[in-house]
Amino acid sequence: MAKHNAEDETAAEAAMEVVVAHPYAFHVSGPRNLSSPNWRDLINSSWKDGNYKRTVIACFIQAVYLLELDRQEKRGEENALAPKWWIPFKYKLAQTLIDERDGSIFGAILEWDRAAALSDLILIRPSGAPRAVLALRGTLLKSPTIRRDIEDDLRFLAWESLKGSIRFKVAFEALKSVAERYGSSNVCIAGHSLGAGFALQVGKTLAKEGIFVDAHLFNPPSVSLAMSLKNMGEKASFVWRRFKSMLPSSQAAIAEGGSDQTPPSSIIMGTKKWVPHLYVNNSDYICCYYNETDPAGTEDNNNNNNNNGGKENVRPTTNRDMAAKLFVMSKGKQKFMEAHGLEQWWSQDLELQLALHNSKLINRQLKSLYSLPPPPPPPPK
């Protein structure tokens with residue numbers, strides 16, 4: 001009996017040594033000098049700091065990657081890597097999102113752990129801390145799940161849409177459920193790479209129903225064949241419009257108030273907007289096109305300003321109505337794997353710039369949120 005106990009202890013110690021040495025262990029590759037929540041957060045919440053919030057949410061996404069790796073490598077509770085990435089922040093695993101095609105874990109819902117918080121004298125959830133976070137991982141280049149991950153990568157590459165994937169349906173239903181349970185203001189969705197693509201489209205679909213949740217998207221995909229074809233068509237249309245504007249007949253028609261003038265289609269639904277946070281790196285060719293400006297939007301702004309004659313308090317109807325916060329990594333030239341990696345978003349030497357210009361891709365992706373459908377035909381008399 002004593003021999004068996006000694007063997008069990010030796011095995012447990014060996015398992016712990018593996019966790020200690022693993023490159024994905026929280027204390028090895030996780031953020032440095034990041035404090036865990038404590039009673040002081042009741043006075044001044046760390047979650048109100050944008051850097052802290054970004055770091056913790058990136059850690060939650062890393063936990064989803066590790067949930068799948070723990071499953072593939074058959075790690076149990078005693079040596080699992082994933083829990084270490086949410087426990088320090090007083091969260092717990094509430095639900096895993098499973099791809100029924102291969103049984104892989106592609107997402108998870110993490111909820112505020114009230115019991116763990118109370119043990120550290122945190123009586124209430126700190127201001128700004130979400131009640132629940134839906135985190136979605138990106139592509140894992142491991143044989144058990146790579147086929148389905150690449151299948152969805154190709155789906156986005158071909159169509160710039162992920163709605164045909166089973167993961168979209170599962171993620172949408174999970175997000176809507178927690179938003180209805182806790183209130184949309186207490187829920188956050190986040191993703192990295194392919195997961196950011198799902199998070200953007202799931203969050204936008206829910207926003208169309210009037211449910212606005214906080215969204216944080218790291219290295220979201222911006223390259224697709226559909227986008228390239230659209231860009232070609234938009235450039236041709238832009239050149240044609242410029243050419244038409246130089247024709248005398250065009251100027252006469254405008255002066256006479258001809259029928260070529262159409263009302264703007266971007267009509268804001270009330271004053272509330274869905275404002276996702278996007279984090280991109282210019283050295284990452286997968287997401288760098290989010291940093292491309294929209295010349296058509298700039299031209300629209302100039303035209304509106306000219307038409308308004310410099311009047312104040314006149315709101316132009318332009319692509320600037322499409323709202324998003326775009327944070328760009330400014331660290332110089334980097335290798336792709338480093339520029340696309342999740343770890344950069346909790347590094348100490350991170351330098352971010354909030355881009356305030358017109359992002360062409362964001363404008364196009366969010367346009368449907370702020371455009372009303374054409375009015376129905378009048379009823380017959």
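In this predicted model, Ile189 touches Leu134, Leu136, Leu175, Ala199, Val202, Val213, Asp214, Ala215 and His216, when residues up to four places away in sequence are not counted. Ile189 is also one of five residues, the others being Leu136, Leu175, Val213 and Trp274, that touch the most other members of the largest nonpolar core, which holds 43 residues.

**Overall make-up**

- The protein contains 12 helices and eight strands, and buried residues account for 45% of its 381 residues.
- When contacts between residues at least 6 apart in sequence are considered, 76% of them join residues that are at least 24 apart.

**The sheet and its strands**

- The eight strands form an open sheet, arranged in the order S1-S2-S3-S4-S5-S6-S7-S8, with mixed pairing.
- Strand S1 and strand S8 (352-355) are the edge strands, each of them pairing on one side only, and the twist from one strand to the next averages 20°.
- Strand S3 (residues 132-136) and strand S4 (residues 187-192) run parallel and are joined by five bridges, with Leu136 standing opposite Gly191 in S4.
- Helix H7 packs on the sheet, where it touches S3, S4 and strand S5 (214-218), and its direction makes about 145° with that of S4.
- Helix H6 lies across S1, S2, S3 and S4, and it runs at about 10° to S2.

**Strand S6, covered on both faces**

- Five of the five residues of strand S6 (residues 277-281) are buried, so this strand is largely enclosed by the rest of the structure.
- The buried residues of S6 are divided between its two faces, with His277, Tyr279 and Asn281 on one side and Leu278 and Val280 on the other.
- On the side of S5, strand S6 pairs in the parallel sense over three bridges, and Phe218 stands opposite Tyr279 in S6.
- Strand S6 is also joined by five bridges to strand S7 (residues 325-329), the two running parallel, and in S7 the bridge partner of His277 is Lys325.

**Helix H5 and its two sides**

- Helix H5 (residues 143-159) has 17 residues and reaches 25 Å from its first C-alpha to its last, which is close to the 24 Å expected at 1.5 Å a residue.
- The buried residues in H5 are Thr145, Arg148, Asp149, Asp152 and Phe156, and, seen down the axis of the helix, they fall within an arc of 100°, so they line one face of H5.
- In general, an α-helix has 3.6 residues a turn, so residues three or four places apart point the same way.
- The face of H5 that is turned away from its buried side carries the exposed residues Ser143, Arg147 and Leu154.
- The buried residues of H5 pack against several other elements, namely helix H3 (50-72), strand S1 (91-99), strand S2 (104-112), helix H6 (166-182) and helix H7 (194-207).
- After H5 comes Glu160, whose phi is positive and lies near 55°.

- Asp152 lies in helix H5 and is buried, because its relative accessible area is 0% and the limit for a buried residue is under 20%.
- Leaving aside neighbours within four places in sequence, Asp152 is in contact with Arg101, Leu162, Ser165, Arg167, Leu194 and Phe198.
- When residues up to four places away in sequence are not counted, Asp120 touches Trp39 and Lys90.
- Asp120 and Trp39 are 81 residues apart along the chain, while their C-alpha atoms are separated by 7.2 Å.

Conventions: Residues numbered from 1 in each chain as written. Predicted model: local features only at pLDDT ≥ 70, side-chain atom pairs only at ≥ 80, totals over all residues. Heavy atoms only, no water. Helix = DSSP H or I, 4+ residues; strand = E, 2+ residues; numbered from the N terminus. Expected span 1.5 Å × (residues − 1). Buried < 20%, exposed > 50% of the residue type's maximum accessible area, 1.4 Å probe, protein only. Arc of directions from axis to C-beta. Contact = heavy atoms within 4.5 Å. Pairing = 2+ DSSP bridges. Axes fitted to C-alpha atoms, helices over the stretch in contact; angles between N-to-C directions. Core = buried A, V, L, I, M, F, W, Y, C linked by side-chain atoms within 4.5 Å.
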